[in-house]
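Here are some notes from my read-through, to go with the model on your screen.

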Amino acid sequence: MLVDSLVIIPTYNEKENIEKIIRTVFSLSIPFHVLIIDDGSPDGTADIVKDLQGEYSGKLFIEERKGKLGLGTAYIHGFKWALNHTYEFIFEMDADFSHNPSDLLRLRQACLDGADLSIGSRYVTGVNVVNWPMSRVLMSYFASVYVRFVTGIDIHDATAGFKCYRRRVLEKIEMDKIRFVGYAFQIEMKFTAINYGFKVVEVPIIFTDRTEGTSKMSTRIFREAFLGVIQMKVSSWFRKYK
């Protein structure tokens, strides 16, 4: 059976979550393939994935990189891998269950219904976040307000990392020109897709903070996003989107 959907999951020290998330994705009613991009996790995350490959032969793949190279470069590595294969729907998802795997079906359906890029949005119908401290909720929410103000894009959850791309979007975006690696990467990909004229749809989800493992969020990543939005907007004035 030809499977048209690939879920890319970047990992760094996710041994508590990785087997459960893989098994949950493979239990869904529509078949998906899974690609793990592991940045040299010292906790043995990659070994767990490789052990599972025997059970999920031809469906579970892993790309190992040396060192913690950043979220954005992990996804770009995964996007290029996907484009070298036959997938039509290419997903981003976290390993820690903050993104509900069952929502993959809804993101895919949104693209089947006409979206070029569907986003699992925490803020399109209010604030749908569970287990975050109020300070983190406010920081995330107003980051998206700030992005809309500076860039002019009409996206309620600009930093969202739960997404489904149609293949043609990733074929169009010049990956080697994507400059940011943290949360700004998520903003830059949406901003670029919109500037190319692709249709972007937000699908409401409930985001639940991880219960196992350690968050990778840092003030450096947030600072990159804050300053990167201005750089992104200014650079777009001198770039042609054809």
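1. First, the cysteines. For a disulfide, the two cysteine sulfur atoms have to lie within 2.5 Å of each other. Keep in mind that this is a predicted model. By that rule, the count comes to zero disulfides. The pair to look at is cysteine 111 and cysteine 164: the sulfur of cysteine 111 has that of cysteine 164 as its closest cysteine sulfur, at 3.6 Å, and with a cut-off of 2.5 Å that is too far for a bond. Cysteine 164 is likewise in no disulfide, its nearest cysteine sulfur being that of cysteine 111.

2. Are these two cysteines buried or exposed? Cysteine 111 counts as buried, at 1% relative accessibility. Cysteine 164 is buried too, with a relative accessible area of 0%.

3. Now the sheet. Seven strands form an open sheet with mixed pairing, in the order β3-β2-β1-β4-β7-β5-β8. Its edge strands are β3 and β8 (200-204), each of which pairs on one side only. From one strand to the next, the twist averages 20 degrees.

4. Strand β1 deserves a look. Seven of its seven residues are buried, so β1 is largely enclosed by the rest of the structure. Ser5, Val7, Ile9 and Thr11 point one way, while Leu6, Ile8 and Pro10 point the other.

5. On one side, β1 runs parallel to β2, and six bridges join them.

6. Leucine 6 has isoleucine 90 as its bridge partner in β4, and serine 5 stands opposite phenylalanine 89.

7. β4 is covered on both faces: Phe89 and Phe91 are buried on one side, Ile90 and Glu92 on the other. Where does the antiparallel pairing of β4 come in? It is with strand β7 (residues 163-166), which four bridges join to β4. In this pairing, glutamate 92 stands opposite lysine 163.

8. Helix α2 (residues 45-53) packs on the sheet, touching β1, β2 and β3, and its direction makes about 150 degrees with that of β3. The buried residues of α2 are Thr45, Ala46, Val49 and Leu52. They cover an arc of only 125 degrees around the axis, so they sit on the same side of α2.

9. Last, threonine 24, which is found in helix α1 (residues 18-26). With a relative accessible area of 28%, threonine 24 is partly exposed. Which residues does threonine 24 contact, leaving aside its neighbours within four places in sequence? They are Phe97 and Pro101. Threonine 24 and serine 102 are 78 residues apart in sequence, yet their C-alpha atoms are 8.4 Å apart in space.

Note on methods. Residues are numbered from 1 along each chain as its sequence is written. This is a predicted model: local features need pLDDT of at least 70, side-chain atom pairs count only at pLDDT 80 or more; totals for chains, interfaces and linings use all residues. Side-chain values use heavy atoms; hydrogens and water are left out. Helices (H or I, at least four residues) and strands (E, at least two) are DSSP runs, numbered from the N terminus. Buried means under 20% relative accessible area, exposed over 50%, partly exposed in between (1.4 Å probe, protein chains only). Contact means heavy atoms within 4.5 Å. The arc is that of the directions from the helix axis to the C-beta atoms. Two strands pair if DSSP finds at least two bridges between them. Axes are lines fitted to C-alpha atoms, for helices over the stretch in contact, and angles run from 0 to 180 degrees between N-to-C directions.
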